[in-house]
Amino acid sequence: MKYETRPINDKMNDKTSFGTLLRSARHNDYTSVNEYHWRPIFELQASNALAVWREYHQNRVWFEDKEAIINKFIGLHKCNSYLEVGGQPFAGKRSTYHKVRCENKDSVNTDPTVEFEYELPDGSNHYVMTSDEFFKKIKDTKKLYDIVFIDAWHEHEQVLRDINNCLAHLSDNGTILLHDMIPLTRDLEKDPHRTGCCWRAFADLRATREDLDMSVLVPPWGSEDSLGIIRKGQQQLFDKKLEYNFDFFLDNIEDLMNLIDLDTFYKKYIDSLVSE
Ligand SMILES: C[S@@+](CC[C@H](N)C(=O)[O-])C[C@H]1O[C@@H](n2cnc3c(N)ncnc32)[C@H](O)[C@@H]1O
């Protein structure tokens, strides 16, 4: 198998080294490898990010997982309403739903399981239905969420509908976080039960919505969890004609997804607020 990484540098330049790493693995043949074939990519990116942080950025808090990022946004913007599209409150402590600390937490999932190990917080609801049905149900209400995590059916058109529906119910200062924005391999990109091709929905909006501020954090703890971040604001659009295939994705990943590293994440989303 072939993998190429760039040496670390003081700019915490994960962005280009991550793109380089993914592109270097594009022709690897994983047919005889198990479902964790993406693991070497994950480990290389995570150890690179950790090395850069140790060398240059130890004054920054190290985020352990995606829930730490969600909770950071909740704290920064004093969010009190959370929606998880594809939430699993029935999965107990290991679910994102339970790790998120917010006053009101709604979730929607097609899974019929309704037995919970822990009670939902007062005022919170879990809806057993598709996300499309859920948004139809709340369409005429004035329901707004301060923070949303989208992690349900990982297919292009579905993710696009989920994002657009969430935008319609997002408070002005709200944040949408999206899971599984970066398929690490061609096989993962094809499988909607795993990473799938959610990136295509994100790319659609990167190419058309100047009124949004969008980026994808290459997470310090390992690239498997790459997190899309959407807020109302402004952005310079991705201006090439989109192609919905894995090679186009790899060749344009930095600009297409507006990849950001931990240092940029801090400057863009945290330092600006803290210094206000
Ligand atoms: C990757 S899992 C979610 C994991 C969860 N977000 C967490 O981090 O703890 C995806 C979930 O989406 C649900 N799902 C699939 N299609 C859906 C749809 N159209 N609407 C709502 N939920 C859906 C599945 O039942 C599954 O539980």
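Trainee: So helices (H or I, at least four residues) and strands (E, at least two) are DSSP runs, numbered from the N terminus. What kind of model is this?

Mentor: It is a predicted model: local features need pLDDT of at least 70 and side-chain atom pairs count only at pLDDT 80 or more, while totals for chains, interfaces and linings use all residues. Residues are numbered from 1 along each chain as its sequence is written.

Trainee: Okay, which residues of H9 are buried?

Mentor: In helix H9 (residues 246-256), they are Phe 249, Ile 253 and Leu 256. Buried means 20 or more other C-beta atoms within 10 Å of a residue's own, with C-beta atoms placed from the backbone.

Trainee: Why do they line one face?

Mentor: Looking down the H9 axis, the buried residues fall within an arc of 110 degrees, so they share one face of the helix. That arc is taken from the directions from the helix axis to the C-beta atoms.

Trainee: And what follows H9?

Mentor: Asn 258 does, with a positive phi near 45 degrees.

Trainee: New topic! In what order do the sheet's strands come?

Mentor: The eight strands of this open sheet go E3-E2-E1-E4-E5-E7-E6-E8, with mixed pairing. Strands pair if DSSP finds at least two bridges between them.

Trainee: Which strands stand at the edges?

Mentor: Strand E3 (126-128) and strand E8 (259-260); each has a single partner strand, so one side of each lacks a neighbour in the sheet.

Trainee: How many bridges join E1 to E2?

Mentor: Five, and the two strands run parallel. Ser 81, for one, has Asn 104 in E2 as its bridge partner.

Definitions and conventions
Buried ≥ 20, exposed ≤ 12 C-beta atoms within 10 Å, placed from the backbone.
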